[in-house]
Amino acid sequence: MGKLERDFQRELIKDLKTIFPDCIVLKNDPNYIQGIPDLTILNGNKWATLECKKTKTSSKRPNQSYYVDKMNGMSYSAFISPENKEDILNDLKQTFES
């Protein structure tokens with residue numbers, strides 16, 4: 001049986017804090033604004049958001065693509081799953097180092 005999305009998210013938060021030791025990771029309230037990504041990462045004067053998915057083929061809820069696209073235009077935002085985790089973390093490193 002595969003991992004649940006919350007388990008993936010928990011591991012991802014640990015990884016983010018290891019890779020970016022000074023970052024602040026905020027878990028967003030899904031009931032406040034429908035579609036806002038799960039996590040906001042604050043690192044120095046840069047920020048990013050990530051929407052966690054159990055798999056790359058997991059369904060997207062209403063407005064998730066809209067907010068991921070909108071926030072990606074402002075800073076960095078992406079859907080992240082175990083299948084693309086390394087690529088997204090590399091993109092995040094480039095965003096925070098630029």
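Which side chains meet in a salt bridge at 2.3 Å, N to O? In this predicted model, the pair is Asp 15 and Lys 85. Asp 15 sits in helix 1 and Lys 85 in helix 3, so the bridge ties together parts of the chain that are 70 residues apart in sequence. The two ends differ in how much cover they get. Lys 85 has a relative accessible area of 13%, so this residue falls in the buried class, which takes anything under 20%. Asp 15 comes out at 26% and therefore counts as partly exposed.

That pair is one of three salt bridges turned up by a search of the whole structure. Another one stays inside helix 1: Asp 7 and Arg 10 lie three residues apart there, about one turn of the helix, and their side chains meet at 3.0 Å, N to O. Both partners are partly exposed, as Asp 7 has a relative accessible area of 23% and Arg 10 has 44%. Then there is Glu 51 with Lys 53, where the closest N and O atoms are 3.9 Å apart; the cut-off for calling a salt bridge is 4 Å.

Now for the nonpolar side of things. The largest nonpolar core is made up of 19 residues, and Leu 12, Leu 16, Leu 50 and Leu 92 are the ones with the most contacts inside it. Helix 1 (5-19) and helix 3 (85-97) each give two or more residues to this core, and so do strand 2, strand 3 (46-52) and strand 4 (77-80). Helix 1 and helix 3 are also the elements that hold Asp 15 and Lys 85, respectively.

Once neighbours within four places in sequence are set aside, Leu 16 is in contact with Cys 23, Val 25, Leu 39, Ile 41, Leu 50, Leu 89 and Leu 92. Two of the partners on that list, Leu 50 and Leu 92, are themselves among the residues with the most contacts inside the core.

Ile 24, Leu 26 and Leu 42 form a nonpolar patch on the surface, and together they account for about 230 Å² of accessible area. Leu 42 belongs to strand 2 (residues 39-43), an element that also gives two or more residues to the core. With a relative accessibility of 32%, Leu 42 counts as partly exposed.

Notes: Residues numbered from 1 in each chain as written. Predicted model: local features only at pLDDT ≥ 70, side-chain atom pairs only at ≥ 80, totals over all residues. Heavy atoms only, no water. Patch = residues over 30% accessible without salt bridge, like charges linked within 9 Å, V, L, I, M, F, W, Y side chains within 5 Å. Areas by Shrake-Rupley, 256 points an atom, 1.4 Å probe, with all protein chains shown as cover. Helix = DSSP H or I, 4+ residues; strand = E, 2+ residues; numbered from the N terminus. Buried < 20%, exposed > 50% of the residue type's maximum accessible area, 1.4 Å probe, protein only. Core = buried A, V, L, I, M, F, W, Y, C linked by side-chain atoms within 4.5 Å. Contact = heavy atoms within 4.5 Å.
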